[in-house]
There are 2 protein chains.
Amino acid sequence: MAKKKPGSRGKKDRTYVVGVDLGGTKILAAVVDQTGSILSEAKRPTMSRSGADKIVLRLAKTVRKAVEEAGIPFKKVAAVGVGAPAPVDPRTGFVFHAPNIPPLRNFPLGERLGKELGLPVFIDNDVNVGTVGEHALGAGRGTKDMVGIFVGTGVGGGVIVDGKLRHGFRNSAGEVGHMIVGFQGLPDEPICGCGRPGCLEAYASRTAIERKVRAAIAAGRDTKLKTLLEASGKDRITSGLLAKALKQGDPLMLELMERVTTYLAVLVASIVNFFDPEMIVFGGGVTEALGEQLLEPIRRDAPKWYIQKEGADKIRIVAAELGDYAGVLGAATIARDKLA
Amino acid sequence: MAKKKPGSRGKKDRTYVVGVDLGGTKILAAVVDQTGSILSEAKRPTMSRSGADKIVLRLAKTVRKAVEEAGIPFKKVAAVGVGAPAPVDPRTGFVFHAPNIPPLRNFPLGERLGKELGLPVFIDNDVNVGTVGEHALGAGRGTKDMVGIFVGTGVGGGVIVDGKLRHGFRNSAGEVGHMIVGFQGLPDEPICGCGRPGCLEAYASRTAIERKVRAAIAAGRDTKLKTLLEASGKDRITSGLLAKALKQGDPLMLELMERVTTYLAVLVASIVNFFDPEMIVFGGGVTEALGEQLLEPIRRDAPKWYIQKEGADKIRIVAAELGDYAGVLGAATIARDKLA
């Protein structure tokens, strides 16, 4: 590290940023240097029902704790970036509503946390932030145009155009889980969490898989998923449990994998035919648990729908690399880019 | 017009461009001034089976004829833009294959026409060119991000990002007709012209409508479309014929309209959820023939699938304004922009 110049307190001397991943259950903060390396991290429960002011204080404490752990003076921090599980206005840091953190409804989180810390604070949607992380420091390094698809309880995404995160006209770009892939207008087709038929998320999320499993069990189907679910003592089918059933070659799980990977291939093809990006990065809990067994069939099937076949194999479909750190690293990247 | 300066032959003095719409049956060329106004036009049959060299000569003749009609000296033309019904490399003007003009397979059209005319020639896909026309001089004037959707025999499209045409990683962006909206993996679902199930074009193109009409007639359904088709003496169901049946309130046509507009609404919503553009412009023969009766239900239904409801009504869904002139005006715009 360069020797500290006494008296110099300009931006140039503030070489660190803090990236914060604000989740429904926990806050993760990390101090990130100019090379994108994490120097330290701190974690704290969100206590999502405790009131907006207390959440702001808890965020600030987590940031300060991470800086303390890094062993750097607080004044060396130039800015803070936050990924929030909510639609936000990225210019103002205003949070519209956060389903998993109810107190943050119509709340000026960026402004409030900025005042509390005495630092510029930049906020974006968590999936956008994860996409930026993978683009800047993960699987998408060096690409110009990239789409992130995060398959978990739901399916979220982010779009990088010309090296920059695309927000769109109303800051709602990247909602790949609500691209409509299977609409038939029939009374019995799957309905998405958003209330509409045909969305990708109604076919290829953990929630969609769980619904299919429970229906099969209710219909008396013999499946290892039933035994595993009972043994887990949990009330939901986790991604880890799906991975176990897959490893054991459970026939129902194999059927569901085919359905899920086919719809994810259809999603990829829709995106490719519309947007023709250089790379698609898959992340999220379901992707992490199922790994190449999820990605390989997508790579095989998506190009069948590409309307342009030339160069089909040049569009890379890869796994995210940063795992749980995509959030803090993406938030740190956003903070640094905004200062530049 | 400014007085001609003798001896000055630089680009600045060449204030006109020629836009060319190369179709499977005819070539339309127009001289366009700096304000985007058409000064003159010329038309000629493509004679699409006559050989690539002859097509180049015919294109050049049509350009020269348009310039003659404009009453300007040829040396005042700065460049020529061409919209071709084919995937092309817009940097080189190389045409990969043109289904409706078979001789233009793997043909350096830009280079050859450039040599023939002694002018810079810029070539792009016709639907991209139409989108540029509508953005620069038609319905999309002043928008930053716009998507063009052209519903005709097939369904094509183009994407404007930050005021510029998006080509994508492999120059194949904007293929909205092959966004997958209705995939079910069932044996009897509609198959697209591209050979795959689920594409928008399999549900909402003139071809898709015609297939449904013929199936209904074959099944003995009583419909005015049958009478109109027989009376037309044509071997295909034109957009004009569809408009007539709609005007007459034919029940089958009303059913098909609902299906088509629903799938187009689903397409719009998929694009909005992924890309969040400012405007969607609908053009093409089917749109022109059916007009507001096509657009109004799309405007009504698409927002039902928008995952972000705030500002839904700010995304404008409008009819194209340039009709058959989108091609020549878009091609002229591309030529002018490339020179700038």
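# Chain pairing, salt bridges and aromatic contacts

In this predicted model, A:Arg196 lies over the face of B:Trp305, 4.1 Å from the ring centre, where a charge counts as sitting over a ring if NZ of Lys or CZ of Arg is within 6 Å of the ring centre and within 35 degrees of the ring normal. Local features need pLDDT of at least 70 and side-chain atom pairs count only at pLDDT 80 or more, whereas totals for chains, interfaces and linings use all residues. Residues are numbered from 1 along each chain as its sequence is written, chains are lettered from A and ligands numbered from 1 in the order in which they are written, and side-chain values use heavy atoms, with hydrogens and water left out.

**Relation of the two chains**

**Aromatic pairs**

- Over all chains there are twelve aromatic pairs, counted where ring centres of Phe, Tyr or Trp (its six-membered ring) lie within 6.5 Å, with planes under 30 degrees apart called stacked, over 60 edge-to-face and the rest tilted.
- One of them is edge-to-face, because the rings of A:Phe274 and B:Phe274 have centres 6.1 Å apart and planes at 85 degrees.
- A:Phe274 lies in helix α8 (residues 251–275) of chain A and B:Phe274 in helix α8 of chain B, so this pair joins two chains; helices (H or I, at least four residues) and strands (E, at least two) are DSSP runs numbered from the N terminus.
- A:Phe274 is buried at 0% relative accessible area, and B:Phe274 is likewise buried at 0%, where buried means under 20%, exposed over 50% and partly exposed in between (1.4 Å probe, protein chains only).
- The rings of B:Tyr203 and B:Tyr263 are stacked, since their centres are 4.0 Å apart and their planes at 15 degrees.
- This tyrosine pair links helix α4 (residues 201–204) of chain B, which holds B:Tyr203, to helix α8 of chain B, which holds B:Tyr263, 60 residues apart.
- B:Tyr203 is buried at 2% relative accessible area, as is B:Tyr263 at 3%.
- A:Phe183, B:Tyr203, B:Tyr263 and B:Trp305 form one aromatic cluster.

**Salt bridges**

- The structure holds 32 salt bridges over all chains, each a side-chain nitrogen of Lys or Arg within 4 Å of a carboxyl oxygen of Asp or Glu.
- B:Glu278 and B:Arg316 meet in a salt bridge at 3.8 Å, N to O; B:Glu278 lies in the loop between α8 (251–275) and β11 (279–283) of chain B and B:Arg316 in strand β12 (residues 316–319) of chain B, so the pair ties together parts 38 residues apart in sequence.
- Within that pair, B:Glu278 is buried at 14% relative accessibility, whereas B:Arg316 is partly exposed at 41%.
- A:Asp301 forms a salt bridge with A:Arg300, the closest N and O atoms being 3.0 Å apart; A:Asp301 is buried at 7%, while A:Arg300 is partly exposed at 48%.
- B:Arg299 and B:Glu292 form a salt bridge at 2.8 Å, N to O, with B:Arg299 partly exposed at 33% and B:Glu292 partly exposed at 45%.
- Salt bridges with shared partners join A:Arg206, A:Glu210 and A:Arg214 into one network.
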